[in-house]
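Please keep the structure in view while reading.

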Amino acid sequence: MSQESSQKLKLGALTALVVGSMIGGGIFSLPQNMAASADVGAILIGWAITAVGMLTLAFVFQTLANRKPQLDGGVYAYAKAGFGDYMGFSSAWGYWISAWLGNVGYFLLLFSTLGYFFPIFGKGDTVAAIICASVLLWALHFLVLRGIKEAAFINTVTTVAKIVPLFLFILICLFAFKLDIFTADIWGKSNPDLGSVMNQVRNMMLVTVWVFIGIEGASIFSSRAEKRSDVGKATVIGFITVLLLLVLVNVLSMGVMTQPELAKLQNPSMALVLEHVVGHWGAVLISVGLLISLLGALLSWVLLCAEIMFAAAKDHTMPEFLRKENANQVPANALWLTNICVQVFLVITFFTSGDPNGMDPYTKMLLLATSMILVPYFWSAAYGLLLAVKGETYENDPGERSKDLIIAGISVLYAVWLIYAGGLKYLLLSALLYAPGVILFAKAKHEVGQPIFTNVEKLIFAVVVIGALIAAYGLYDGFLTL
């Protein structure tokens with residue numbers, strides 16, 4: 001066996017990579033995040049929609065990886081190839097913002113977890129928490145600038161830290177599960193704040209997307225697979241594994257504590273659910289596992305955020321200055337831009353979290369980060385549908401075309417449903433974050449001597465600007481809040 005073939009990944013290794021990329025900090029806060037929006041019946045309906053939608057989206061990413069292997073610049077490359085430069089840029093910009101907002105959420109969740117042991121950190125949004133999060137952010141920043149990346153043993157430790165507490169939680173809650181608690185108010189009729197079942201399903205959808213962000217990463221392992229067919233299998237096995245873990249954590253929690261009790265918990269709510277069942281040691285177990293998991297995830301995601309911009313700059317989607325690497329081959333300018341944005345939003349969370357009855361700061365970042373990734377997901381699904389409709393790459397494979405047409409069609413409908421489910425508030429806030437990106441887009445276009453917009457792109461940008469202006473006025477006037 002050659003050295004190259006011995007380094008190829010088998011099905012088990014591929015599946016582990018898929019599972020590892022999808023399980024982050026989100027699952028540890030799932031009981032509260034879901035109960036805040038919905039009761040049992042709506043949650044089960046929401047998971048069914050998510051299962052179908054996310055699986056078709058996973059298939060679209062895999063199909064595009066197989067049929068367009070030259071488009072290896074990330075999800076934004078699909079938007080650029082199918083719908084033009086501005087859509088490609090917007091997808092890269094939205095994906096990048098989603099990634100670093102996710103990091104802000106990780107910092108808040110980390111110090112909210114520490115707040116269980118040290119009240120000075122509160123929900124991760126006190127002065128002490130913001131100062132300590134800032135110190136940790138810049139420590140990681142300068143660590144990455146030196147070229148120190150996540151080693152294999154850290155990956156192993158953080159993976160174990162994620163999986164072991166989850167299995168223990170599921171096992172313990174299985175025995176503590178009470179059917180009378182679970183069925184007490186299936187449709188949430190005793191809580192008028194939840195609204196209708198349809199509203200409950202809508203309101204929980206952004207949380208389900210948040211816990212699956214990373215599903216698009218499965219396709220990046222295609223070139224390393226021992227068998228190309230294993231990538232599709234690993235995607236499905238990994239997806240089903242993560243889906244089962246998420247649903248079990250969510251559903252079993254609702255048979256241990258009531259919806260109103262879960263909704264009031266501080267995050268990470270899994271820790272407090274287990275504490276309710278077994279006492280203090282349960283909260284300690286979940287909290288320690290989450291802290292190790294978050295520290296490992298932050299190290300890799302700080303670098304990944306910079307690499308998103310670096311990759312986009314290499315094909316002139318982003319300006320030239322973001323291609324600059326330091327002596328350790330780290331994309332330094334992209335890293336600085338990313339972490340300055342993280343720092344600004346950490347400070348903003350302190351000034352926007354004064355309402356004791358309002359949404360906790362981690363959940364705010366979760367919903368905002370998720371809303372920003374909806375555009376990249378939509379354009380990727382739309383590009384998969386476009387290929388199938390036009391028959392491009394299907395000349396010798398008409399049978400596959402029919403199947404992919406159905407799958408891509410469902411994934412587009414799911415992406416549109418997510419944008420609708422996110423609601424007008426997050427659509428407007430997304431526009432506010434998308435609009436300033438035009439400065440970098442214009443600079444990138446100027447560097448290659450091209451006009452900034454086509455006529456169609458001018459109309460699209462005008463709509464974005466109108467949405468951004470409404471959002472800015474809404475924040476000023478108070479009818480929109482972060």
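## Contact of α5 with α16

In this predicted model, the contact between α5 and α16 is made on the α5 side by Val75, Tyr78, Ala79, Ala81, Gly82 and Phe83, which meet Pro376, Trp379, Ser380, Ala382, Tyr383 and Leu386 of α16. By class, this contact has ten nonpolar and two polar residues, with no charged residues.

The axes of helix α5 (residues 75–83) and α16 come within 8 Å and cross at roughly 50°, which makes α5 oblique to α16. The crossing in which α5 passes α16 is left-handed.

## Contact of α16 with α17

Helix α16 (residues 361–390) also packs with helix α17 (residues 398–434), at an angle of about 150° and with the axes 7 Å apart. Because angles over 145 degrees count as roughly antiparallel, α16 and α17 are therefore described as roughly antiparallel to each other. Sorted by class, the contact of α16 with α17 has 23 nonpolar, five polar and three charged residues. Here too the crossing is described by its hand, and α16 passes α17 in a left-handed crossing.

## Cavities

The count of cavities of 30 Å³ or more comes to two. The largest cavity, with a volume of about 70 Å³, is lined by Val60, Thr63, Leu64, Gly384, Leu387, Tyr394, Asp404, Ile407 and Ala408. The elements giving two or more residues to this lining are α4 (40–67), α16 and α17, and by class the lining has six nonpolar, two polar and one charged residues.

The second largest cavity has a volume of about 50 Å³, and its lining consists of Thr352, Lys364, Met365, Leu368, Tyr426, Leu429 and Leu482. Two or more of these residues come from each of α16 and α17, and α16 provides the largest share, three residues. Five residues of this lining are nonpolar, one is polar and one is charged.

## Second largest pocket

The second largest pocket has a volume of about 840 Å³. It is lined by 31 residues, of which Gln32, Ala36, Ser37, Ala263 and Met359 are the closest to its centre. The elements that contribute two or more residues to the lining are α3 (30–35), α10 (197–210), α12 (259–263), α16 and α17. By class, the lining of the second largest pocket divides into 13 nonpolar, 13 polar and five charged residues.

Methods. Residues numbered from 1 in each chain as written. Predicted model: local features only at pLDDT ≥ 70, side-chain atom pairs only at ≥ 80, totals over all residues. Heavy atoms only, no water. Axes fitted to C-alpha atoms, helices over the stretch in contact; angles between N-to-C directions. Helix = DSSP H or I, 4+ residues; strand = E, 2+ residues; numbered from the N terminus. Parallel < 35°, antiparallel > 145°, perpendicular 65-115°, else oblique. Left-handed = near helix turned anticlockwise from the far one by under 90°. Nonpolar A, V, L, I, M, F, W, Y, C, P; charged D, E, K, R; others polar. 1 Å grid on protein atoms, 1.4 Å probe; cavity = no way out; pocket = protein on both sides within 12 Å on 5 of 7 lines; lining within 4 Å. Points joined across faces, edges and corners; volume = space filled by probe spheres on them. Contact = heavy atoms within 4.5 Å.
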